[in-house]
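Thank you all for coming.

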Amino acid sequence: MRRGGAVLVAAAALGCADGEERQPERRPTWDDLALTPALDLDPAPSSVLIGLEARPTAKRYPGTRGATEVWSYDGTVPGPLIEAKVGDAVTVRVTNSLPEPTTVHWHGMRLPNAMDGVPHIQGPIEPGQSFEYAFTPKDAGLFWFHPHLRSDVQVEKGLYGALVVRGADEPTSDHEAILVLDDVRVNADGSLPEYLDDQQLMLGRHGNTLLINGQHRPELALRRGSLERWRLVNAANGRFFNLRLAGHSLRIIGTDGGLLPKPRDVDQLLIAPGERYDVMFIASGEAGESLTLWNDPYERGHGSGDDEPMVLATVRLKSAAALEGRELPIAFPQIEALPAGGGDLPVELDEAFQGGDLVFTINGKTWPDVPPLMIAKGGVKTLVVSNVSDMDHPFHLHGFFFQVQGHPLAWKDTVIARAQSTMSLVARYDEPGHWMYHCHVLEHAEHGMMGEIHVE
Ligand code: C2O
Ligand code: CU
């Protein structure tokens, strides 16, 4: 693998899994971060045919003395980048070469229920077997894929990848990057520690090594004046990323479900597991200057905000002459505002002890005992999500985008339900099937916080 050598050099020089940190001799660069493009086996311009194999692979993480056995799609973490256009016929043949059953969920895609990758709908893909997913993307945006079976373990081990769907009117930029954020908890000898202790269950597993496209602390060179478009997805089990690029605001131009009619600027970008943000900025500063991309602490309950700021990457400004005259986009096409109200459905999120075990509940029950919500096909309905627990839960709905009432218009499929708060999510349920909703802290989902909406 082309990128293996660079990782090994970095690994030899770092010691962060032991707590002591030194700078690696050679830090990963944009080249190391480039996602492997998935090979399109169908030459027709509007069909995409991809083969993906889920299999164990050895990967070398920085700061470790030995290789780590990860689980990968086609040998890379993140898996290959799948690219398609709105309206393409996309087929992905997934072969399971893992020692246990798996599925692939296409997070954020509006697709037929049978293609959603949920094990009790499609049936798990047993070891040695394959499943063919077929769908036609309806929306431009950044999506991602991951297992929906023992997802806390399978995603943590490395099974995740990005899927980008291009639309007709994409903003222009000098440079676009697709950045998949994760953190891995790895021992100094390269092994992955025992899964799972109570602390990890409470907050979701936090790693000791932050990763961008599988690389630790890259140094990213940018041309001064360059109009940058960074498309981010948080694929971590539990960590919320809270990004800040020194000296810059980031203009949010899109969220989970596409471009925003009114982009807005932020100094800090909070991204919960499962969420995506599409941001732009103009790289500015002195020639040769290095800017830190920070991951700032964020309190999401139970003392989780006590961490120090962590360095996620360094942005180095090249000494070449600055590009001139770039401008950030100020508006994109309007999106339909869904009407408020209309048969509200309550969803109460909580944490509880059941028989001495910490569990996460929806309307007082744990999956699969959470009673399904029933919605007639085509209905516009409001989920009233009350989080009565003491920590934030990133709420994810399959199969549909929603709008958060009282927030600027945007299509979302994952949103932070803050501790001790209530919000109303409006969606049009126009595709029949049994659709899951759950917390995207994967340990919470796997310990009860999942439910289902029946649209028929
Ligand atoms: Cu990204 Cu049901 O999950
Ligand atoms: Cu949660």
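Contact, in what follows, means heavy atoms within 4.5 Å. What you see is a predicted model, in which local features need pLDDT of at least 70 and side-chain atom pairs count only at pLDDT 80 or more, while totals for chains, interfaces and linings use all residues. Residues are numbered from 1 along each chain as its sequence is written, chains are lettered from A and ligands numbered from 1 in the order in which they are written, and side-chain values use heavy atoms, with hydrogens and water left out.

The protein chain is divided into domain 1 (30–170), domain 2 (176–317) and domain 3 (345–455), with bounds that come from an automatic or database domain assignment. Let me begin with domains 1 and 3, where 23 residues of domain 1 are in contact with 23 residues of domain 3. Their centres, taken over C-alpha atoms, are 24 Å apart.

Across this interface there is 1 salt bridge, by which I mean a side-chain nitrogen of Lys or Arg within 4 Å of a carboxyl oxygen of Asp or Glu. Lys-138 pairs there with Glu-431, and the closest N and O atoms are 3.9 Å apart.

What does His-105 touch, once its neighbours within four places in sequence are left aside? The list is Asp-116, Gly-117, Trp-144, Phe-145, His-146, His-148, His-396 and His-398. His-105 is also buried, at a relative accessible area of 1%, where buried means under 20%, exposed over 50% and partly exposed in between, using a 1.4 Å probe and protein chains only.

Turning to the whole model, the count comes to 25 salt bridges. Side chains of opposite charge can pair when their charged atoms come close. Arg-26 and Asp-32 form one such bridge, at 3.1 Å between the closest N and O atoms; Arg-26 is partly exposed at 33%, whereas Asp-32 is buried at 5%.

Glu-275 and Lys-412 form another, with their closest N and O atoms 2.7 Å apart, and both of these residues are buried.

Finally, Glu-176 and Arg-231 meet in a salt bridge at 3.9 Å, N to O. Here Glu-176 is partly exposed, with a relative accessible area of 27%, while Arg-231 is buried at 3%. These two residues also belong to a network of salt bridges that links Glu-83, Arg-166, Glu-170, Glu-176, Arg-229, Arg-231 and Asp-278.
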